[in-house]
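Hi there,

Here is the structure I promised to pass on. Have a look at it first, and my notes follow below.

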Amino acid sequence: MIAARAGDRHAFAALVEREGPAAVRLARRILGSAADAEDAAQDAFIRAWRDLPRLRDAGRWPAWFRRLVVRAALDGARRSRRGPQIVSAEVGDPAAPDSTARLAERDRVLQALASLPVGERAVLVLRYGEDLEVPDVADALSIPLGTAKSRIHRALRRLRAQLGDES
């Protein structure tokens, strides 16, 4: 990290290799599109390379970079203005008992999540998909804590409505 901050391209390349899959996965959960997620992750790495010398505390890298990925994904969503897409999730063991019912329910939830506006999808992905605490969601979105709480509440209410209040 320190070498990358000092402009070492090889050290930064190692960061890209290490953080790339997680960045793409986060962006894809927000955007729903693999191609758009790749673009967002690349934008985040470009911003990181440009702004890394100004990052004073190397311990803040994970939160700082997550914020860059989220911003890049939201910027990409605004640019593309495509309709909702189904957000991918990791599939469990299909041989497990009741896997068909779980897969059907997962697909139903993913479709409902994909129908939410990208900002609401982002707060839910960060809170529940990335398992971040609410203050970390606020930090990732660069919004006040109270705003993060209200956006999560509103997004959950809309998601429940999409699911027909069955969940």
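To start with a question: is Arg67 buried or exposed? Arg67 is buried, as its relative accessible area is 12%; here buried means under 20% relative accessible area, exposed means over 50%, and partly exposed is in between, using a 1.4 Å probe and protein chains only.

Before you read on, please note that this is a predicted model, in which local features need pLDDT of at least 70, side-chain atom pairs count only at pLDDT 80 or more, and totals for chains, interfaces and linings use all residues. Residues are numbered from 1 along each chain as its sequence is written, and side-chain values use heavy atoms, with hydrogens and water left out.

Now the salt bridges. The structure holds 12 of them, where a salt bridge is a side-chain nitrogen of Lys or Arg within 4 Å of a carboxyl oxygen of Asp or Glu. As background, side chains of opposite charge can pair when their charged atoms come close.

Arg67 takes part in one of these salt bridges, with Asp139 as its partner and 2.8 Å between the closest N and O atoms. This pair links distant parts of the chain, since Asp139 lies in helix 7 and Arg67 in helix 4, 72 residues apart. (Helices are DSSP runs of H or I with at least four residues, numbered from the N terminus.) Asp139 counts as partly exposed because its relative accessibility is 24%.

Arg158 forms a salt bridge with Glu120, with the closest N and O atoms 3.1 Å apart. Here too distant parts of the chain are linked: Arg158 is in helix 8 and Glu120 in helix 6, 38 residues apart. Arg158 is partly exposed at 37% relative accessibility, whereas Glu120 is buried at 10%. Salt bridges that share partners also join Arg47, Asp75 and Arg78 into one network.

The side chains of Arg29 and Glu130 meet in a salt bridge as well, at 3.0 Å from N to O. That pair connects helix 2, which holds Arg29, to the loop between helix 6 and helix 7, which holds Glu130, across 101 residues. Arg29 is buried, with a relative accessible area of 14%, while Glu130 is partly exposed at 26%.

Helix 6 deserves a look of its own. Its 12 residues have end C-alpha atoms only 14 Å apart, short of the 16 Å that a straight helix would reach; the expected span is 1.5 Å times one less than the number of residues. Its buried residues, among them Val123 and Leu126, pack against helix 2 (9-31), helix 4 (61-80), helix 5 (99-115), helix 7 and helix 8.

What is the phi of Asp131, in the loop between helix 6 (118-129) and helix 7 (134-141)? Phi of Asp131 is near 60 degrees, a positive value in a residue other than glycine. Asp131 is exposed, at 58% relative accessibility.

Ser142, in the loop between helix 7 and helix 8 (145-162), also has a positive phi, about 55 degrees, although it is not a glycine. Ser142 is partly exposed at 43% relative accessibility.

Lastly, Leu141 in helix 7 is buried, with a relative accessible area of 15%. Leaving out residues up to four places away in sequence, Leu141 touches Val70, Leu74, Val123 and Leu126, where contact means heavy atoms within 4.5 Å. Leu141 and Leu74 are 67 residues apart in sequence and 9.6 Å apart in space, C-alpha to C-alpha.

Best wishes

Technical notes:
Helices (H or I, at least four residues) and strands (E, at least two) are DSSP runs, numbered from the N terminus.
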